[in-house]
Amino acid sequence: EKKLLYKNIELTENLNSELKVGQKGVILEVIDKNKVFAEFYDRNGKQIELNNELVFEIGIKQFKLKKIKTHYNTV
């Protein structure tokens, strides 16, 4: 479970009208084997806030791990 901490993710299911498939975020805490807390960012890199909340509880099957392209991956 700790392997997931601070990993970049991408939603595979809509969470609500704002957080939709493809939305990118980061896992902040693993609640249990089925749920995590994550934060999400808009296309400009600004953290998304909905109803005064910055962190969202999501199911483990609602996202996939996202590999971030870095300079090292492109060389």
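User: Which residue forms a salt bridge with K66?

Analyst: In this predicted model, K66 forms a salt bridge with E10, and the closest N and O atoms of the two are 3.3 Å apart. K66 lies in the loop between β5 and α1 (71-74) while E10 lies in strand β1, so the pair ties together parts that are 56 residues apart in sequence.

User: Is E10 buried or exposed?

Analyst: E10 counts as buried, because its relative accessibility is 12% and the cut-off for buried is under 20%. K66, with a relative accessible area of 31%, is partly exposed.

User: What else does E10 form a salt bridge with?

Analyst: E10 forms a salt bridge with K24 as well, where the closest N and O atoms are 3.6 Å apart. E10 is in strand β1 and K24 in strand β2, so this pair ties together parts that are 14 residues apart in sequence. K24 is partly exposed, at a relative accessible area of 42%.

User: And how many salt bridges does the structure hold?

Analyst: The structure holds three. Besides the two pairs involving E10, the side chains of E57 and K35 meet in a salt bridge at 3.2 Å, N to O. That pair links distant parts of the chain, with E57 in strand β4 and K35 in strand β3, 22 residues apart. E57 counts as partly exposed at 44% relative accessibility, and K35 likewise counts as partly exposed at 37%.

User: Which residue in β5 is the bridge partner of E10?

Analyst: The bridge partner of E10 in β5 is K64, and β1 and β5 pair in the antiparallel sense over three bridges. Strand β1 (residues 8-11) is also joined by three bridges to strand β2 (residues 24-30), where G25 is the bridge partner of I9.

User: What about E57, which residue stands opposite?

Analyst: F37 stands opposite E57 in β4, and four bridges join strand β3 (residues 35-41) to β4.

User: Last topic, what is phi of N52?

Analyst: Phi of N52 is near 65°, a positive value in a residue other than glycine. N52 lies in the loop between β3 and β4 and counts as exposed, at 71% relative accessibility.

Key:
Residues numbered from 1 in each chain as written. Predicted model: local features only at pLDDT ≥ 70, side-chain atom pairs only at ≥ 80, totals over all residues. Heavy atoms only, no water. Pairing = 2+ DSSP bridges. Helix = DSSP H or I, 4+ residues; strand = E, 2+ residues; numbered from the N terminus. Buried < 20%, exposed > 50% of the residue type's maximum accessible area, 1.4 Å probe, protein only. Salt bridge = Lys/Arg side-chain N within 4 Å of Asp/Glu carboxyl O.
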